[in-house]
Amino acid sequence: MKNIILLTHGEFSKGIAQSCRFILGDVPNLTALSITLDESVAQTKAMIEDAWKTFDNSAPTILITDIPGGSTTQSAIGILAEHPDFYLISGLCLGLLLPLAMLELTDDREENLAAIRTVLEEARDTLVLVNDVEAADALQDEEGEL
Amino acid sequence: MIKVLRVDDRLLHGQVAVAWVNFYKADVILIANNQVITDQAMQTAFKLATPPGVTLSMKSLDGAVAVINNPKHASRTIMVVTKTMQDAEYLCGKTEGAIKDILLGGLRSGEGKRQIDMNSYMSEDDIAVMNRLEQSGRKITMQPDPTAKSLTCEEIRKNFNKNG
């Protein structure tokens with residue numbers, strides 16, 4: 001059991017949440033927040049706080065923002081003061097969100113941090129210039145090898 | 001061991017490569033398709049779709065039969081994917097009881113096909129194949145993703161007859 005809060009500039013968070021459910025089906029405890037030009041950092045922090053309150057507050061919470069250098073992340077960093085147990089990640093994309101949505105977290109924070117680091121490492125590899133990807137080597141077909 | 005055979009006309013795509021592979025904890029994806037072995041675009045796409053830590057094996061139908069019948073892979077958790085019911089039956093026919101679970105989903109509409117589930121359609125021949133595979137003792141269900149409702153053969157036949 002875990003909570004995921006997405007925080008992005010504009011409606012990206014809602015779109016990517018829909019894409020995530022398109023692939024995985026129902027994803028419980030995933031919520032999408034958007035900031036507009038009008039919100040202050042304090043208002044955004046309050047919005048995250050309100051979203052979190054609707055969840056099971058004993059479960060670990062992952063907060064994901066779109067870009068590190070944006071007010072989404074600034075607000076999110078601010079909330080770490082009250083919620084040092086949050087896992088805060090920046091760089092939202094579907095190749096990152098899908099494995100995070102499937103990740104099982106425990107109540108061991110060190111273990112969770114290590115698991116999230118591994119997911120991030122693998123998610124980096126989902127940024128691909130497809131032109132550079134070579135087709136598989138000549139396929140060995142009839143020999144019963146994988 | 002063969003954990004499951006997925007029949008999906010897009011073969012390896014998001015729902016299969018991400019959701020089902022994770023659900024079954026598969027460590028091998030075996031794509032059984034006579035076109036894939038010569039189609040480099042398909043090969044590139046499937047290679048990109050394979051999650052980290054999972055082995056991708058792309059074979060012709062006979063090539064896949066050889067893999068399934070090779071006892072060397074008994075310790076692996078293999079998810080086989082075919083494009084059609086007919087290909088699934090071909091594999092089942094040549095691998096004795098190795099394939100016990102068949103999961104249908106992502107069967108696009110076409111000539112003579114009737115709607116079974118939100119995104120899946122089957123022809124009369126597809127149903128006949130399903131019935132034969134069911135009679136041979138295999139478990140067959142239809143489910144697009146792991147959280148969606150799973151349909152039994154009985155429900156699949158019912159929907160087929162209803163939409164005739």
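Two strands count as paired if DSSP finds at least two bridges between them. Helices (H or I, at least four residues) and strands (E, at least two) are DSSP runs, numbered from the N terminus. Keep both in mind as we begin the tour. The model is predicted: local features need pLDDT of at least 70 and side-chain atom pairs count only at pLDDT 80 or more, while totals for chains, interfaces and linings use all residues. Residues are numbered from 1 along each chain as its sequence is written, and chains are lettered from A and ligands numbered from 1 in the order in which they are written.

**Stop 1: chain A as a whole**

You will find five helices and four strands, running β-α-β-α-β-α-β-α-α from the N terminus on. Along the principal axes, the C-alpha atoms fill a box of roughly 60 × 35 × 25 Å. Of the 146 residues of chain A, 25% are buried; a residue is buried if 20 or more other C-beta atoms lie within 10 Å of its own, exposed if 12 or fewer, and partly exposed in between, with C-beta atoms placed from the backbone.

**Stop 2: the sheet of chain A**

Now colour the strands of chain A. Four of them form an open, parallel sheet in the order 2-1-3-4. At its edges are strand 2 (30-35) and strand 4 (87-90) of chain A, each pairing on one side only. From one strand to the next, the twist averages 20°, where axes are lines fitted to C-alpha atoms (for helices over the stretch in contact) and angles run from 0 to 180 degrees between N-to-C directions.

Next, zoom in on strand 3 (residues 61-65) of chain A, which is joined to the parallel strand 4 of chain A by four bridges. Pick Ile64(A): its bridge partner in strand 4 of chain A is Ile89(A).

**Stop 3: a glycine in a loop**

Select Gly69(A), in the loop between strand 3 and helix 3 (71-79) of chain A. Is Gly69(A) buried or exposed? Gly69(A) is exposed, because 8 other C-beta atoms lie within 10 Å.

**Stop 4: across to chain B**

Show both chains. Here 29 residues of chain B are in contact with 19 residues of chain A; contact means that the C-beta atoms of two residues, placed from the backbone, lie within 7 Å. Helix 1 (14-24), helix 2 (40-49), strand 3 (55-59) and helix 3 (61-68) of chain B each supply at least two residues of the side that touches chain A.

**Stop 5: inside chain B**

Select helix 3 of chain B, where Gly63(B), Ala64(B), Val65(B), Val67(B) and Ile68(B) are buried. Their cover includes strand 1 (2-7), strand 2 (28-32), strand 3, strand 4 (78-82) and helix 4 (85-94) of chain B.

Move on to Ile31(B). Not counting residues up to four places away in sequence, Ile31(B) touches Leu11(B), Leu12(B), Val36(B), Phe46(B), Met58(B), Lys59(B) and Val81(B).

**Stop 6: a run of parallel pairs**

Finish with strand 1 of chain B, joined by three bridges to strand 5 (residues 101-104) of chain B, which runs parallel. Leu5(B) stands opposite Ile102(B) in strand 5 of chain B. Strand 5 of chain B also pairs in the parallel sense with strand 8 (residues 139-142) of chain B, over four bridges. There, the bridge partner of Ile102(B) is Ile140(B) in strand 8 of chain B.
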